[in-house]
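Keep the 3D view open as you read.

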Amino acid sequence: MGMKKYEIGTKENRAFLREICMGLLEFGRNFPAPGGSAYYLKEDGKPWTEKNREVYETCRMAHVYAIGEFLGFSGGKELAEKAVGSLMGEMRDKENGGWYAGLDPEGKPLPSKLCYAHAFVILGASSAALVGVDGAEELLREAIQVYDRYFWNEEEGLSCDTWNTEFTVLDDYRGLNANMHTVEAFLAAADVLEDETYRERAGRIIRNVVGWAENNNWRIPEHYTKEWAPELDCNKERPDDPFKPYGATPGHGLEWGRLILQWALSAAPADKEIYIEAAKNLYHRAISDGWNADGAPGVVYTTDWDGKPVVHDRMHWTLAEAINTAAVLYRVTGEERYAKDYADFMEYLDETVLDHENGSWFHQLDRENRLAGTVWPGKPDVYHALQAVLIPYYVPEVSIALAVKRGQEIEKGSAK
């Protein structure tokens with residue numbers, strides 16, 4: 001295949017991504033615990049039974065295998081059904097409402113109610129409903145009802161972050177990671193339910209985030225007080241926290257860029273071009289700060305507020321989002337620089353991040369691209385990686401599960 005397999009729009013690149021896609025679906029197929037919740041996966045895809053089973057990972061697997069069913073992966077719907085069964089059963093808090101953060105290895109619920117997890121319930125249920133999983137639409141409507149009641153703040157146009165298990169005490173922390181996945185979930189729900197309320201809400205979150213980013217040299221402040229004042233020094237003493245790292249997270253700049261494009265293209269606001277420009281600014285800041293920042297390829301996990309790397313490790317999801325956003329920007333703008341970046345990311349994926357022996361993608365590499373496991377040991381799920389081999393070839397204004405169901409591929413061989 002040569003270099004053509006890295007170039008967007010070529011039949012060789014399509015074949016390369018198809019092969020990776022089917023490999024990912026095969027790798028993750030052993031995720032279900034007896035009750036359907038998702039085991040954390042080891043390097044070889046075997047269940048890591050000593051680790052907690054998280055709600056967000058269970059939802060991701062429902063989403064992934066619903067998409068797998070549309071792609072012709074054998075048993076995709078059945079695997080999505082197992083995950084949904086867990087969300088309607090062992091992971092659901094029948095006493096207090098909503099969903100636990102997860103279950104410990106003995107099946108005991110983990111404390112607190114997380115916005116991040118509830119956003120993923122909406123996403124997973126949306127995709128499962130599209131494939132006709134029993135109870136998935138009911139799950140989706142319940143998830144939205146719980147989210148609306150406890151997490152969405154209509155006055156602010158943003159979501160809070162963490163409640164105690166009983167939904168009686170709200171933590172003062174506010175954060176953008178949960179709001180980012182809320183945008184993803186709301187766009188999916190809007191597409192599946194044909195309810196524009198959720199697309200409008202996604203736009204309200206996006207308008208806030210674009211304002212904060214623009215005022216901070218396009219490095220997005222991640223952490224806030226309950227009054228939504230940025231806390232730029234949050235976790236400075238624990239900079240590699242997996243969910244609340246210190247500083248700017250270039251991978252999130254990339255991810256926000258793609259979600260902003262999806263919203264702007266689907267909602268088509270009068271000022272759409274402002275948001276396309278914002279997505280470009282976020283992308284360029286993230287790549288300028290994060291890609292090949294220390295003499296080796298890969299996107300560093302975090303930088304300080306001047307763009308200097310803090311945590312040099314490369315997480316697989318940052319590459320996935322670089323691939324996605326470069327591809328979507330190329331489709332939207334036609335600018336060749338994005339196609340060139342995409343090819344660079346593909347080459348790095350093939351040569352460094354793809355595990356050609358055990359399958360899936362290495363989840364964490366150090367600054368010299370050696371395997372590391374301080375933040376993400378093993379290969380917990382296949383969500384980011386699977387989306388990154390699909391989004392480049394499906395219409396960017398439709399959430400990925402619906403686009404795949406409809407077969408809304410960008411014309412074969414077409415550059416844009």
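Start with helix α9, which passes α11 in a left-handed crossing. A crossing is called left-handed if the near helix is turned anticlockwise from the far one by less than a right angle, and right-handed if clockwise. The contact is built from Lys280, Tyr283, His284 and Ile287 on the α9 side and Arg337, Tyr338, Asp341 and Phe345 on the α11 side, where contact means heavy atoms within 4.5 Å. By type, the residues of this contact of α9 with α11 divide into 4 nonpolar, 1 polar and 3 charged. Here Ala, Val, Leu, Ile, Met, Phe, Trp, Tyr, Cys and Pro count as nonpolar, Asp, Glu, Lys and Arg as charged, and the others, Gly among them, as polar.

Before going further, a word on what you are looking at. This is a predicted model, in which local features need pLDDT of at least 70 and side-chain atom pairs count only at pLDDT 80 or more, while totals for chains, interfaces and linings use all residues. Residues are numbered from 1 along each chain as its sequence is written, and side-chain values use heavy atoms, with hydrogens and water left out.

Now for the geometry of that pair. Helix α9 covers residues 272-290 and helix α11 covers residues 336-353; their axes come within 13 Å and cross at roughly 45 degrees. Helices (H or I, at least four residues) and strands (E, at least two) are DSSP runs, numbered from the N terminus. The axes are lines fitted to C-alpha atoms, for helices over the stretch in contact, and angles run from 0 to 180 degrees between N-to-C directions. With that angle, α9 and α11 are therefore oblique to each other; the convention is that angles under 35 degrees count as roughly parallel, over 145 as roughly antiparallel, 65 to 115 as roughly perpendicular and the rest as oblique.

Helix α9 also meets α10 (residues 316-333), and these two axes come within 11 Å and cross at roughly 140 degrees. Helices α9 and α10 are therefore oblique to each other, and their crossing is left-handed. Ile276, Lys280 and Tyr283 of α9 make this contact with Ala322, Thr325, Ala326, Leu329, Val332 and Thr333 of α10. The residues of the contact of α9 with α10 divide into 6 nonpolar, 2 polar and 1 charged.

What does α10 meet in helix α8? Gly251, His252, Leu254, Glu255, Gly257, Arg258, Leu261 and Leu265 in α8 face a set in α10 that includes Trp317, Glu321, Ala322, Val328 and Leu329. The residues of the contact of α8 with α10 divide into 8 nonpolar, 6 polar and 3 charged. Helix α8 spans residues 250-267, and its axis comes within 8 Å of that of α10, crossing at roughly 35 degrees. This crossing of α8 and α10 is left-handed.

Next, look at some single residues. Val183 sits in helix α6 (residues 176-193) and, at 0% relative accessibility, counts as buried. Buried means under 20% relative accessible area, exposed over 50%, and partly exposed in between (1.4 Å probe, protein chains only). Leaving aside neighbours within four places in sequence, Val183 is in contact with Ala202, Ile205, Ile206, Trp256 and Leu259. Val183 and Ile206 are 23 residues apart in sequence and 7.8 Å apart in space, C-alpha to C-alpha.

Val300 belongs to strand β9 (residues 300-303) and is buried at 0% relative accessibility. Not counting residues up to four places away in sequence, Val300 touches a set of residues including Pro250, Asp289, Gly290 and Val311. By contrast, Asp344 in helix α11 is partly exposed at 27% relative accessibility.

Two backbone angles are worth a look. Most residues other than glycine have a negative phi. Trp218, in the loop between α7 (196-214) and β8 (223-224), has a positive phi near 65 degrees and is buried, with a relative accessible area of 17%. Asn369 has a positive phi of about 60 degrees and lies in the loop between β11 (364-365) and α12 (383-388).

Finally, how many disulfides does the structure hold? There are 0 disulfides, a disulfide being a pair of cysteine sulfur atoms within 2.5 Å. The sulfur of Cys160 is 6.2 Å from the closest cysteine sulfur, in Cys115, too far for a bond. Cys160 is buried at 7% relative accessibility, and Cys21 is buried at 2%.
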